[in-house]
Structure formats: C-alpha cells, structure tokens
Amino acid sequence: MTATTIPLYRDDFYLATAEGVVTAVHEDGSVELDQTCFYAASGGQLGDTGFFERADGSRIALGETRHGESKAIILHKPLEGEALPSVGEKLVLHVDWPRRYKLMRMHTACHLLSVVCPFPITGAAVGEEESRVDFDMSETIDKEQVTADLMRLVGENHPIYLQWITDEELAANPGIVKSKNVRPPVGLGRVSLVCIGENSAVDSQPCGGTHVSETQEVGAIHIAKIEKKGKENRRFRIRFGSPEVLA
C-alpha cells in the first residue's frame, strides 16, 4: 500500500531544506517520502530538482519530482546511475533553490499577466527562463503596453499570500477558476487561493504552484512575443529582463 506524502511546500514556498523518511522505493528508482519540500510538477510548473543527503554525507542527485497515481503521491526520481536509499532511511532534502526561485518568480509573473489580460486561460507552461500563457482572445494587444502594465504591478510591490478553501467551496464557485483546461489540485480536502494585494485587491485564483511573497520579487520581466494560435487564441511569452537591456 502506498502512503501519502505531506507536501511541506504547500505551506512554505521558501522551505528549501527539510528532513524526510523513505516510505517506498519503486522499480523505476522513484522514491517516496513521508514528507517533502520538493514541488511535484503540476499545473504547467516544472517539478523541483536537487539532492538527498544521506547520514554519511553522500548525495543522491534528483532529476525530477512528479505525482504518482494521485496528487497525494509524490515521486522523487534520482538521476540515472545514482544510488538508491532504503525504506526507513532518514534523508535531508535539498531543493535546487536558485532554480526553484526562478520558477516562483515566473509563476507569479504568469498570475500578473492574467490580471493585465483578463481573458480565459487555455494553457500555460512555467519555465526557468521563459514562460507562456495562452488566452482565449481575438483582440489585438500591444506587447510593450502589456510589459508596462506588468512592471507597474511589480513595482507597486503588492503582498502575495495564500488563503484556503475547501474542495466543496471551490465546486460551489467554479467561476473563480481562470483556466479553461487546467484545474486546480483537488482531492486533498483543501485548495489554495493565491491572493495578490491587500484583501485580494489585485487578484485571487486557485493554484497549487509556488509563488514569491511580494510582486517586487518578480524583478524585471517583459513580453517577448505574442503569437496568434488560431482565430481566438493568443500565446504570450514572458521572459526575465527588460527588452531595452536585451535589445
């Protein structure tokens, strides 16, 4: 029987190190723990990488973190050739923090983009250097103006925090979900609302990803390209840095 894993990152996005006990090692080498600070790939955001530290100081490098048969199961996959821990072994978990922090900043930028462009979201992918968000829209929009509006929200340094609602409350209020085809994680009893601004004045939407604690942490971002993907679909590509510096 596979046990569930406590996802410590759901309550602390800045937790980069924690302890965990191995509860299962599968035939493909993936490892389950009683708890983890590694984010499992979901909702367009990549899973964490990093390493396990064993009692003797040796390391087990991880190539990916993903969900198993359900969202309650989190699988940590060591890189090929790495040693595998034993069931019952206690490990110290180390997230690749520079990479995670980039993903946190990028994911937050995607939320800000959904504020600037208030259209239904048809797809998204959060990357380390570039992210994309697809909107159900036919309007023509200026990427320089979108960039300016994004940077205004970044510069206003709005607080970002979580509120929790039950699965039932989400089901009763489906309109709060902006995405048309990516559903927030349910089945764990509660769903996190990512709130931006005092009293959610800027935005509030269900999301199981990781985010920074204030918009200023996003840093300089810009819309690199807006692509037409069908009659009523536009793909926005977000990159770090300012277009003036990169030009």
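A charge counts as sitting over a ring if CZ of Arg is within 6 Å of the ring centre and within 35 degrees of the ring normal. In this predicted model, the charged end of Arg-59 sits over the ring of Phe-51, 4.0 Å from the ring centre. Arg-105 lies over the face of Phe-240, at 4.1 Å from the centre of that ring.

In the pair of Phe-38 and Phe-52, the planes stand at 80° and the centres are 6.2 Å apart, so the geometry is edge-to-face. Phe-52 belongs to strand β5 (50–53), whereas Phe-38 lies in the loop between β4 (35–36) and β5, so the pair ties together parts that are 14 residues apart in sequence. Phe-38 is buried, at a relative accessible area of 0%, and Phe-52 is buried with a relative accessible area of 0%.

Trp-97 and Tyr-101 form a stacked pair, with 5.5 Å from centre to centre and 25° between the planes. These two residues are four apart in helix α1 (residues 97–116), which means that about one helical turn separates Trp-97 from Tyr-101. Trp-97 is partly exposed, at 26% relative accessibility, and Tyr-101 is partly exposed at 23%. Ring pairs also bring in Tyr-14, linking Tyr-14, Trp-97 and Tyr-101 into a cluster.

| Pair | Centre to centre | Angle between planes | Class |
|---|---|---|---|
| Phe-38 and Phe-52 | 6.2 Å | 80° | edge-to-face |
| Trp-97 and Tyr-101 | 5.5 Å | 25° | stacked |

Note on methods
Residues are numbered from 1 along each chain as its sequence is written. This is a predicted model: local features need pLDDT of at least 70, side-chain atom pairs count only at pLDDT 80 or more; totals for chains, interfaces and linings use all residues. Side-chain values use heavy atoms; hydrogens and water are left out. Rings of Phe, Tyr and Trp (its six-membered ring) pair if their centres lie within 6.5 Å; planes under 30 degrees apart count as stacked, over 60 as edge-to-face and the rest as tilted. Buried means under 20% relative accessible area, exposed over 50%, partly exposed in between (1.4 Å probe, protein chains only).
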